[in-house]
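Trainee: Please take one part of this model and look at it closely. I would like the helix packing and the charged side chains treated together.

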Amino acid sequence: MINSRFSGSQAKTTDSIPLPNSFFTQVMPQIQDMAELKVMLCIFYLLNHKQEDPRFTTYGELLSLGSLMAGMGEEMLRHALSLAVEHGTILRATLDMDGKPEEAYFINTESDKEVIDSIKSGKLPVSKVKPQENIFALYEQNIGIITPMIA
């Protein structure tokens with residue numbers, strides 16, 4: 001568990017993560033598990049920092065995100081992801097990434113449903129949707145947790 005106390009946001013924070021209104025009106029009332037909420041917020045965080053479409057995150061990216069995994073084991077992560085998929089908040093697809101199956105997670109939107117259908121039907125080759133290196137995950141893997149000051 002992280003023992004550092006939050007010192008507050010910068011007065012002029014420009015780095016924010018948009019959440020759809022439906023997250024607060026439809027998703028949050030369903031969430032009973034704190035790990036599921038934590039995973040959902042981390043997924044929005046990761047997807048917000050991706051530049052290329054389609055936007056998705058992989059299980060490996062989530063597993064490597066130190067701020068998510070602090071105080072959460074791999075079993076808890078899998079359980080939280082399963083709950084989010086069960087509630088319909090996120091969509092899960094298994095992609096063949098360089099000859100290995102990789103779980104990919106998308107936000108449950110019409111456009112992401114179409115992307116998953118295009119991948120499954122072969123219209124969109126997986127080579128076109130490889131996840132890009134996430135600078136925030138790389139930082140946390142190699143240096144440490146991103147503090148508000150660093151962000």
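Mentor: From the N terminus on, the order of elements in the protein chain is α-α-β-α-α-α-β-β-α-α, that is, seven helices and three strands. Helices (H or I, at least four residues) and strands (E, at least two) are DSSP runs, numbered from the N terminus. The model is predicted: local features need pLDDT of at least 70, side-chain atom pairs count only at pLDDT 80 or more, and totals for chains, interfaces and linings use all residues. Residues are numbered from 1 along each chain as its sequence is written, and side-chain values use heavy atoms, with hydrogens and water left out.

The part to look at is the packing of helix α2 (residues 34–48) on helix α5 (residues 74–86), whose axes come within 8 Å and cross at roughly 80°. Axes here are lines fitted to C-alpha atoms, for helices over the stretch in contact, with angles from 0 to 180 degrees between N-to-C directions. The two helices, α2 and α5, are therefore roughly perpendicular to each other (angles of 65 to 115 degrees). From α2 the contact (heavy atoms within 4.5 Å) takes A35, E36, V39, M40 and I43, and from α5 it takes M76, L77, A80, L81, L83 and A84. By class, ten of these residues are nonpolar, none polar and one charged; Ala, Val, Leu, Ile, Met, Phe, Trp, Tyr, Cys and Pro count as nonpolar, Asp, Glu, Lys and Arg as charged, and the others, Gly among them, as polar.

E36, in helix α2, is buried yet has no salt bridge, and the nearest side chain of opposite charge, R92, is 11 Å away. Buried means under 20% relative accessible area, exposed over 50%, partly exposed in between (1.4 Å probe, protein chains only). A salt bridge is a side-chain nitrogen of Lys or Arg within 4 Å of a carboxyl oxygen of Asp or Glu; for charge, Lys and Arg count as positive and Asp and Glu as negative, while His and the chain ends are not counted. Leaving aside neighbours within four places in sequence, E36 is in contact with I31, A80, L83, A84 and H87.

The closest N and O atoms of R78 and E103 are 3.2 Å apart. R78 is partly exposed, with a relative accessible area of 37%.

Key
Parallel < 35°, antiparallel > 145°, perpendicular 65-115°, else oblique.
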